[in-house]
Amino acid sequence: MTVMQVVFLVTAVVSLGGAVMVVTTRNLIHAALWLILTLFGVAVMYGLLSAPFFTVIQVVIYIGAIAILMIFAIMLTRRVKQEPGSSVNKGWWLAGLMALVLFTALVWMLSTWPGFQTTLPELPQDFDSIKVLGAALVSTEGYVIPFEIASVLLLAALIGSVAVAWERKS
Amino acid sequence: MSDPVNSIAEWLRTILASWGLSEGLITVILAVLGVVILATFVLVVDILLVWIERKMVARFQDRFGPNRVGPYGIIQPIADVIKLLIKEDIMPMGADKFIFNLAPIIALATVLLLWAVVPLAPTVIGADINVAVLYVVAIGSIGTLGIIMAGWASNNKYALLGAFRTVATMIAYEVPMIIALLIPVLLARSMGMQTIVNAQSPWYIFIVPLAAVILFVSSIAELGRTPFDISEAESEIVAGFHIEYTGMKFGLFYAGELLHALTVSALIATIFLGGWRGPYVDQLPLLGPVYLFIKAFLVYYLIMWVRYSFPRVRIDQMLGFNWKFLTPLALFLLIVVAILDKAMADVNTVWYVLVMLGANLLIVWGTMMILRRYARIERVRIAEERPVARAPESDNNELVGQE
């Protein structure tokens, strides 16, 4: 077993365990912190797949922005510690069934994809994945239209938030 | 003596290989060894920082500072550490034990993690990853998490308020910081620290001084130091997020704060002041860390100078300053630098630097003009006569009646 495999197994166990803890723990803040652990595990997975940009972006966006805002919102609510009652309701078996079906379908779909069986290719030493990504985002053969549409969407959201917050002098 | 660190690493590698260890295991052992040595070195410097900080604040306030233990009081931090170690460890009632204990560890560990991407010499760097600049931002956000955890787990209203204020600061000042970091990345065409250092001829502070200033100001805010230390404003919320911490747990926060300041200084020195670059560094790579630390301490001195010279700002002033001033300025500068850089693709270096510098100074001048106008309007607004606040008679009577 190589070092990479050990790291992969440990990360997989930690992220899956964290994900289970997110839905089973009683304390909302603890759930948010377990979620951060899971998201961090996903970041490590990206790192193992030699995608450093996605590793760092995963941490910046999901841990640095989304998870922290979630914790912020939870901290503003009261009585996060003492939430009485069971954490599952009557329909749990249906949800479990749906999850199982969805999971099986996803695994089946992925197994038909040719990349499913290939091992991680060794990248050349001077391969700069960010340069390739950057060029792909703005090239006409690449993803320039989705990229520009996303930019316009973000700009619209920005202008919208300014318009909402604008204090009209009447 | 061309490159001692890498030759020692090679020597150890051959010894370990002769013991029959596998290639992967040797790499792991050497990496762990490197991490331990770097972290220990940085933490030893951290102990010295306590003395430097206390001595410096004393100078700014016309005092002597620690001067009893050892020559010039230099053993004082050791005495402080012993005191912190033997203090009683108090767990507040109703605290979330695990998170309460985890928070100071995260606060210090995230600072240590930043040293992984600081290039110490032409050939010595923890990890020369091609996303180093973003890595710094990512680690910074995990640091915020440590502070939130401390504030929440303490079961204390003041601590929680401190944590809220910290989050507001961090989320806000991350924006101009990232934009300011984008400018050297744009000039060097890479996010790798080693590439940025190698590309700096001349240093970026001479090409885009305004970006360096924006990064400096937003870094001070990220550090939570005066004038932006509203997260631990003593006069309002006692000590902020670390109010309930005692002994060495408090010590970890304190050490983390000081080391964070030096780390940010080292990063600013790397990105804008040429990092390890200096005379004779090609012949003698050991000079690299010396130059880096001289530059880092220079920036650290500036941070202390600002800290002990300015009063604390109010939270609305602080957020207003960020969103209405720093962020637009940084965005405008980024656009100007990007256009000029593209327009001067084949101009020689001297003209390139002069035009960039000129553009920066022009933006500074324009900003000053706008600020002057704004200040004039503000002064008129504040000088306007306003009715004196007075409690209505009826309310007064009611209160008296209740008694």
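What share of the contacts in chain A with a separation of 6 or more comes from residues 24 or more positions apart? In this predicted model, such residues account for 51% of those contacts, where two residues are in contact if their C-beta atoms, placed from the backbone, lie within 7 Å. Residues are numbered from 1 along each chain as its sequence is written, with chains lettered from A and ligands numbered from 1 in the order in which they are written. Because the model is predicted, local features need pLDDT of at least 70 and side-chain atom pairs count only at pLDDT 80 or more, while totals for chains, interfaces and linings use all residues.

Chain A can be described next. It holds six helices and zero strands; both kinds of element are DSSP runs numbered from the N terminus, with helices being H or I of at least four residues and strands E of at least two. The radius of gyration of chain A, taken over C-alpha atoms, is 21 Å, well over the 15 Å that the globule rule gives for 170 residues, so chain A is more spread out than a compact globule. That rule is 2.2 Å times the number of residues to the power 0.38. Along its principal axes, the C-alpha trace of chain A spans about 55 × 55 × 30 Å. Of the 170 residues in chain A, 12% are buried. Here a residue is buried if 20 or more other C-beta atoms, placed from the backbone, lie within 10 Å of its own, exposed if 12 or fewer do, and partly exposed in between. The domain assignment, automatic or taken from a database, gives domain 1 (1-79) and domain 2 (129-170) in chain A. The C-alpha centres of these two domains of chain A lie 27 Å apart.

Chain B also deserves a look. Its elements are 15 helices and zero strands, and its C-alpha atoms fill a box of roughly 95 × 60 × 40 Å along the principal axes. Buried residues form 39% of the 403 residues in chain B. Among contacts in chain B with a separation of 6 or more, 76% join residues 24 or more positions apart.

Chain B is split into domain 1 (1-86) and domain 2 (90-377), and 22 Å separate their centres, taken over C-alpha atoms. Their contact takes 19 residues from domain 1 of chain B and 16 residues from domain 2 of chain B. On the domain 1 side, α1 (4-18), α2 (23-60) and α3 (76-86) of chain B each supply at least two residues, and α2(B) gives the most, with eleven residues. That side divides into twelve nonpolar, four polar and three charged residues. In this scheme, Ala, Val, Leu, Ile, Met, Phe, Trp, Tyr, Cys and Pro count as nonpolar, Asp, Glu, Lys and Arg as charged, and the others, Gly among them, as polar.

How do the two chains meet? The contact takes 17 residues from chain A and 18 residues from chain B. On the chain A side, α2 (28-48) and α3 (52-76) are the elements that give two or more residues, and α3(A) provides the largest share, eleven residues. The chain A side divides into 14 nonpolar, two polar and one charged.

Finally, B:Y135 and B:A163 touch the most other members of the largest nonpolar core, which has 117 residues. Such a core is a set of buried Ala, Val, Leu, Ile, Met, Phe, Trp, Tyr and Cys residues joined through C-beta atoms within 7 Å. Leaving aside neighbours within four places in sequence, B:Y135 is in contact with A:V56, B:V117 and B:I129.
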